[in-house]
Amino acid sequence: MIYRVLTRKTPYEPKPRSGRPRVMDIRSDSRIQRMSSSQKMSAREITRASRLQISKNTVHRRIIEPGYMIQAKMARRLQLSKFHISKTLQWVRNHMSYGDKWIAVHFSDKKMEH
């Protein structure tokens, strides 16, 4: 099989793929990927901004398609103010000498539900 392909006079071209053709071209794909990486926009916002008749799921697939971008939810919390940072540091300094009492303290990384 390989010998036949190498000795063929005409270049080898794969057969066209069967199935539904893509709605978007390569330029639209790259524009969507650029919008998602340079701006903090959701897939829904990119769908509205793209002016194409595509679904939110199509945009999401194009964003994760190259493999270098991963999906991550944005943190829904406010940044600590300088006042809160200073209060936290003050609390830590006050409790540095807590000693063996830290064994009785339970630390959890779970988020509190409201």
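Of the 114 residues of the protein chain, 15% count as buried, where buried means under 20% relative accessible area, exposed over 50% and partly exposed in between, with a 1.4 Å probe and protein chains only. The model is a predicted one, in which local features need pLDDT of at least 70 and side-chain atom pairs count only at pLDDT 80 or more, while totals for chains, interfaces and linings use all residues. Residues are numbered from 1 along each chain as its sequence is written, and side-chain values use heavy atoms, with hydrogens and water left out.

**Overall architecture**

- The protein chain has 5 helices and 0 strands; these elements are DSSP runs numbered from the N terminus, helices being H or I with at least four residues and strands E with at least two.
- Read from the N terminus, the order of elements is α-α-α-α-α.
- Among the contacts in the protein chain with a separation of 6 or more, 47% are between residues 24 or more positions apart; a contact means heavy atoms within 4.5 Å.
- The accessible surface of the protein chain is about 11700 Å², and carbon and sulfur atoms hold 55% of that surface; such areas come from the Shrake-Rupley method with a 1.4 Å probe, and for residues only the protein chains shown count as cover.

**Helix α2**

- Helix α2 covers residues 26-38, and at 1.5 Å a residue its 13 residues should span 18 Å, which agrees with the 18 Å between its end C-alpha atoms; the expected span is 1.5 Å times one less than the number of residues.
- The buried residues of α2 are S28, D29, I32, Q33, M35 and S36.
- Viewed down the axis of α2, these buried residues fall within an arc of 160 degrees, so they line one face of the helix; the arc is that of the directions from the helix axis to the C-beta atoms.
- An α-helix has 3.6 residues a turn, so residues three or four places apart point the same way.
- Exposed residues I26, R27 and S38 are carried on the face of α2 turned away from its buried side.
- The packing partners of the buried residues of α2 are α3 (43-49) and α4 (56-64).
- S30 also lies in helix α2 and is partly exposed, with a relative accessible area of 30%.
- Between S30 and I63 the C-alpha to C-alpha distance is 8.9 Å, although the two are 33 residues apart in sequence.

- In α4 the buried residues are T58, V59, R62 and I63.
- They cover an arc of only 140 degrees around the axis, which puts them on the same side of α4.
- The cover over the buried residues of α4 includes α2 and α3.
- S42 belongs to the loop between α2 and α3 and is partly exposed, at a relative accessible area of 35%.

**The salt bridge**

- A search of the whole structure finds 1 salt bridge, defined as a side-chain nitrogen of Lys or Arg within 4 Å of a carboxyl oxygen of Asp or Glu.
- The salt bridge joins the side chains of R62 and D29, at 3.2 Å from N to O.
- This pair links distant parts of the chain, with R62 in helix α4 and D29 in helix α2, 33 residues apart.
- R62 counts as buried at 8% relative accessibility, and D29 counts as buried at 8% relative accessibility.
- Apart from neighbours within four places in sequence, D29 is in contact with R22, M24, R62 and E65.

**Nonpolar surface patch**

- L80, I85 and L89 form a nonpolar patch on the surface, with about 280 Å² of accessible area together.
- Patches are made of residues with over 30% relative accessible area and no salt bridge, like charges being joined within 9 Å and nonpolar side chains (Val, Leu, Ile, Met, Phe, Trp, Tyr) within 5 Å.
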